[in-house]
Amino acid sequence: MKRKAGNTSVTTGFNKKNYKYLCDQLAGMDPDLKHILDTHGYPPMWTRENSFESLVHIILEQQVSLASALAALNKLKEKLGNIVPESILGLTDEEMRACFVSRQKMGYIRGLALSIKNKEIDLNAFTAMPDEEVRNSLVSLKGIGNWTVDVYLMFSLQRADVFPVGDLAAVNALKRLKQLDLSTIREAILAISETWKPFRTIASMMLWHYYLSNNKKRV
């Protein structure tokens, strides 16, 4: 599942053709993941375009509900039509606030827009770069941390071997699935995720599916 870019290995991606096969492979490796498939079926294959808009969406999702982030994204779309760096940079603070964008996230989104406009960041080039090179490029920008990069790698670049240890839904689902104590430390969570290599992204999607399916049952 790896190819070479120079002297650095690049984890290959997943796609519609191999997604269910990879889910089945994981189910064969881990009976708890098999339980998810047996009980809830295959998880959706969550993906997004490799675009500036997708990264804006992920920034908006930081530390808020998915519904709140989507509301802000839709307001920006309504205001701009196309969410591209030039259109974002043309908005005033007041216009961005009217789109439910906080002052802090205005700075993050404008910083990303400037980096792309000035050709310091090239999203198209990321498709051929190893995960860690993509990560290093993006975390150099203010407001973009590991969780944001993890989601971008998983959803937009469709990299198959990412575990978002900073994602509460994925981690809490893992704790429940494995019947772990709520105080289980990060290192122990990461150690479990290592057993799912090189398909940790797929395992994460199974965990999200488990989390969402269980939450629906409680409503």
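**Helix pairs, loops and single residues**

In this predicted model, helix 1, which spans residues 19-29, packs against helix 2, residues 31-40, at an angle of about 130°, and the axes of the two helices are 5 Å apart. Angles from 65 to 115 degrees count as roughly perpendicular and those over 145 as roughly antiparallel, and helix 1 and helix 2 are therefore oblique to each other. The crossing in which helix 1 passes helix 2 is left-handed. On the side of helix 1 the contact involves Cys 23, Asp 24, Leu 26, Ala 27 and Met 29, which meet Pro 31, Leu 33, Lys 34 and Leu 37 in helix 2. Sorted by class, the residues in this contact are 7 nonpolar and 2 charged, with no polar residue.

Helix 1 can also be described by its buried residues, which are Tyr 19, Leu 22, Cys 23, Leu 26 and Ala 27. These residues cover an arc of only 145° around the axis, which puts them on the same side of helix 1.

Is Asp 30 buried or exposed? With a relative accessible area of 7%, Asp 30 is buried, because buried means under 20% relative accessible area. If its neighbours within four places in sequence are left aside, Asp 30 is in contact with Lys 178 and Trp 196.

The next pair is formed by helix 3, residues 52-61, and helix 4, residues 66-80, which pack at an angle of about 140° with 8 Å between their axes. That angle makes helix 3 oblique to helix 4, and the crossing of this pair is right-handed. From helix 3 the contact draws on Glu 53, Val 56, His 57, Leu 60 and Glu 61, while helix 4 contributes Leu 66, Ala 69, Leu 70, Ala 72, Leu 73, Leu 76 and Lys 77. By class, the contact of helix 3 with helix 4 comprises 8 nonpolar, 1 polar and 3 charged residues.

Which residues are buried in helix 9, the helix of residues 131-139? They are Asp 131, Val 134, Arg 135 and Leu 138. Viewed down the axis of helix 9, these buried residues fall within an arc of 100°, so they line one face of the helix.

Gln 158, in the loop between helix 10 (146-156) and helix 11 (168-177), has a phi near 50°, a positive value in a residue other than glycine. The side of the question that concerns solvent is settled by a relative accessible area of 21%, with which Gln 158 is partly exposed. Gln 179, in the loop between helix 11 and helix 12, also is a residue other than glycine with a positive phi, near 55°. At 74% relative accessibility, Gln 179 counts as exposed.

A further backbone feature is the cis peptide bond that joins Lys 197 and Pro 198, where omega is about 0°. Pro 198 lies in the loop between helix 12 (186-194) and helix 13 (200-218).

Apart from its neighbours within four places in sequence, Trp 208 is in contact with Trp 46, Met 154, Phe 155, Pro 164, Asp 167, Ala 169 and Ala 170. By contrast, the C-alpha atoms of Trp 208 and Leu 80, which are 128 residues apart along the chain, are separated by 32 Å.

Definitions and conventions. Residues are numbered from 1 along each chain as its sequence is written. This is a predicted model: local features need pLDDT of at least 70, side-chain atom pairs count only at pLDDT 80 or more; totals for chains, interfaces and linings use all residues. Side-chain values use heavy atoms; hydrogens and water are left out. Axes are lines fitted to C-alpha atoms, for helices over the stretch in contact, and angles run from 0 to 180 degrees between N-to-C directions. Helices (H or I, at least four residues) and strands (E, at least two) are DSSP runs, numbered from the N terminus. Angles under 35 degrees count as roughly parallel, over 145 as roughly antiparallel, 65 to 115 as roughly perpendicular and the rest as oblique. A crossing is left-handed if the near helix is turned anticlockwise from the far one by less than a right angle, and right-handed if clockwise. Contact means heavy atoms within 4.5 Å. Ala, Val, Leu, Ile, Met, Phe, Trp, Tyr, Cys and Pro count as nonpolar, Asp, Glu, Lys and Arg as charged, and the others, Gly among them, as polar. Buried means under 20% relative accessible area, exposed over 50%, partly exposed in between (1.4 Å probe, protein chains only). The arc is that of the directions from the helix axis to the C-beta atoms.
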